[in-house]
Amino acid sequence: MQNEVATYWEGEAELYSEGIRKELEGFQRQAWLDLIKEHAPQRPSLQVLDAGCGPGFFSVILAGDGHQVTGIDCAEHMLDEARGHAAREGVTADFLQMDSHSLSFGDNSFDLVVCRNVTWSLAEPEKVYSEWKRVLKPQGRLLIFDANWNWHLWDKEMKRQHDEDQQAYRDHGWGEPPHHVDTDETDRLSLVLPLTRQWRPAWDVQTLQALGFHEVNTREDLNALVMDEKQQVLNRSTPMFLICAEK
């Protein structure tokens, strides 16, 4: 299953990279950095793992803030895009092809693990959460940013709200809403991934606590903080959340 997910992300790299470029040039850059720094360990230089880094947005902004960043992703094409963004920004980060289900890092390697829009796509999320805990140092923090992106694929009420959001986007005169390169494949994979049918972040909190994390807190509806007007309209019924867990 995870091999299918990796193959899928290879084909999405250029589309996602364009979105990252816009965020690096927009207000989102500082908004995301402020949000991460608010919840990260309070030290000037951290060892950071950007898990599922994609085209490298978190890696770039955190490296630019003085942290030692390692970005990993299962898709080499995503890593190529991340290296390009880092080079253009003049920052240094290590980018490695790796599956979060089986990390090659030693125990207690990182002060902070961050991820954005990654956990919904995991084949075995509990296994990954356990791995992230293993590589965190004592008192290290895990920051998960995600949303119930695919609830509308099987829930009728959420489908109705999702369709309303899509139409509202068109009604503003912005054209057709942005979408994945292969929407059919996205939907097919999503429907077999376990977190599509788990209401979050409640599931994550329970799972992280069972794995031994403590100080597990959530912050919901981040849309107004980190999304522009178009994104807020399109994702009205799908608010992003933050989960902060300490080892």
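Two strands pair if DSSP finds at least two bridges between them. Helices (H or I, at least four residues) and strands (E, at least two) are DSSP runs, numbered from the N terminus. The model is predicted: local features need pLDDT of at least 70, side-chain atom pairs count only at pLDDT 80 or more, and totals for chains, interfaces and linings use all residues. Residues are numbered from 1 along each chain as its sequence is written, and side-chain values use heavy atoms, with hydrogens and water left out.

**View 1. Strands β2 and β3 pair in the parallel sense.**
Four bridges join β2 (residues 68-73) to β3 (residues 94-97). Glycine 71 has phenylalanine 95 in β3 as its bridge partner.

**View 2. β2, helix α4 and β3 form a right-handed β-α-β unit.**
Helix α4 covers residues 76-89. Right-handed means that, with the strands pointing away from the viewer, the path from the first strand over the helix to the second runs clockwise.

**View 3. The largest nonpolar core has 38 residues.**
Such a core is a set of buried (under 20% relative accessible area, 1.4 Å probe, protein chains only) Ala, Val, Leu, Ile, Met, Phe, Trp, Tyr and Cys residues joined through side-chain atoms within 4.5 Å. Trp32, Ile36, Phe58, Ile61, Leu62 and Phe145 touch the most other members. Elements that each supply at least two residues include α1 (2-25), α2 (28-39) and β5 (136-146). Helix α3 gives the most, with six residues.

Technical notes
Buried < 20%, exposed > 50% of the residue type's maximum accessible area, 1.4 Å probe, protein only.
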